[in-house]
Structure formats: structure tokens, C-alpha cells
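I opened my notebook to look up charged side chains that pair up. Here is the model I worked from.

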Amino acid sequence: MPAFARRACAAVLLAAAGAGCTPGPSFSPQDWVFLPPDAVVGAGDPTRAAILNTAYAYGNPASLAGRPAEAAVAVAQLDYLASEIPFGARWREFDPTVGLLLRRARDEVRSYVGVSPAAAPQAVIDAFYGTSRALRANDAAAAERILAPPVVPNSRQALAHLSAMPLLPIANQATVRAAQELD
């Protein structure tokens with residue numbers, strides 16, 4: 001191979017290697033998440049259901065007033081979407097800013113509810129779906145036990161906040177944008 005051809009190939013390989021190093025959201029194994037089997041009853045797509053449910057829940061917080069089991073599901077679904085949308089292969093056609101906005105929304109919701117910022121997304125999903133199940137079974141003591149450190153430092157405060165979700169503007173905007181992208 002002539003020298004100019006080797007230099008051209010080397011330049012192309014360097015450019016291709018550099019393209020993979022552009023800044024963007026970082027991915028770690030803790031970002032691999034899944035929803036529990038009971039996330040959707042029937043043959044529905046749990047991710048699509050999570051997008052639509054969170055858009056409604058965070059856009060209409062009055063619908064969650066006094067309904068902590070439903071609010072717990074919305075918290076779990078948002079935590080799921082904040083990991084799934086930016087990295088899931090099915091959602092690569094989504095505007096990338098939606099994934100970034102969902103991550104900011106997750107931070108906002110975690111802060112309000114009292115979830116540890118360092119909690120792994122799957123631990124949050126499992127804890128809040130478990131809490132929802134306990135609350136639906138009228139077992140408040142189990143709900144308190146499920147919302148425990150290291151995921152939630154103060155379970156009583158978290159349960160009180162689930163019963164009175166306010167309008168969380170970033171969560172509202174992010175989930176509406178996700179629903180628009182789904183459409």
C-alpha cells in the first residue's frame with residue numbers, strides 16, 4: 001500500500017475513533033433497568049404505558065392526591081424512563097434532549113420524595129412498585145419497611161409526600177415531551 005494511502009486510512013481511523021469519544025450521557029451497568037411483570041396488565045408495552053402514565057400523573061398532580069400507591073408507581077416509572085429512554089435501543093429515534101430532561105426530572109422527583117440521589121435506578125423501581133403493592137393491600141407497615149435505607153432514608157416522609165404530590169415542573173415538562181416523542 002502506498003504511503004499516502006496508509007496516511008489516509010490512518011486519518012479515517014483516527015477520526016472514527018475520535019467520534020466515539022464525544023461527550024454525552026454516561027452509561028453504567030446500574031442504568032440497565034426493567035419494570036416488574038405487573039407493571040402492565042395484559043399484553044401492553046410497559047415502557048409505552050410508563051410514558052403515558054407519567055405524562056398524565058405529573059401533568060395532573062391532583063389526580064394523585066391522597067393516592068400514594070399510584071404516586072409510587074409514577075415515581076418508579078419515571079426512574080425507569082430516565083434510564084431506559086436515553087440508552088434503550090428502541091428509543092434511539094427520540095430527540096436526545098428528552099433523555100436528558102427525564103434525568104433532570106428524576107432528580108427533581110427523587111429530591112421531593114426523599115430518595116437518596118445515589119440510589120440505583122433498579123432499587124428505586126423495585127422499592128416503589130413494592131410500596132405500591134403494599135399500599136393497595138392496605139399494609140402501611142409493609143410500605144414503610146419497603147421504603148428503607150439506602151434507597152429512602154425517611155420512609156414516613158416519603159409516604160407523606162406520595163400522598164400530596166405537587167406540580168413538579170421539570171417532571172411535567174419531561175414526561176410530556178416523552179409522550180410527544182412517542183406520538
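What is the relative accessible area of R177, and is R177 buried or exposed, or partly exposed? I looked it up: R177 has a relative accessible area of 23%, which makes R177 partly exposed (buried means under 20%, exposed over 50%, partly exposed in between, with a 1.4 Å probe and protein chains only).

Notes on the source: this is a predicted model, where local features need pLDDT of at least 70, side-chain atom pairs count only at pLDDT 80 or more, and totals for chains, interfaces and linings use all residues. Residues are numbered from 1 along each chain as its sequence is written, and side-chain values use heavy atoms, with hydrogens and water left out.

Next I checked the partner. R177 and D95 meet in a salt bridge through their side chains, at 3.0 Å from N to O (the term needs a side-chain nitrogen of Lys or Arg within 4 Å of a carboxyl oxygen of Asp or Glu). R177 lies in helix 8 (169-182) and D95 in the loop between helix 3 (68-87) and helix 4 (96-113), so the pair ties together parts 82 residues apart in sequence. Helices here are DSSP runs (H or I, at least four residues), numbered from the N terminus. D95 is partly exposed too, at 28%.

Then I looked up R133 and D38, whose side chains form a salt bridge at 2.7 Å, N to O. R133 lies in helix 5 (121-136) and D38 in the loop between helix 1 (3-19) and helix 2 (46-59), so this pair ties together parts 95 residues apart in sequence.

Last entry: I found D45, R48 and R90 linked in a network of salt bridges. The structure holds eight salt bridges.

Conventions
Helix = DSSP H or I, 4+ residues; strand = E, 2+ residues; numbered from the N terminus.
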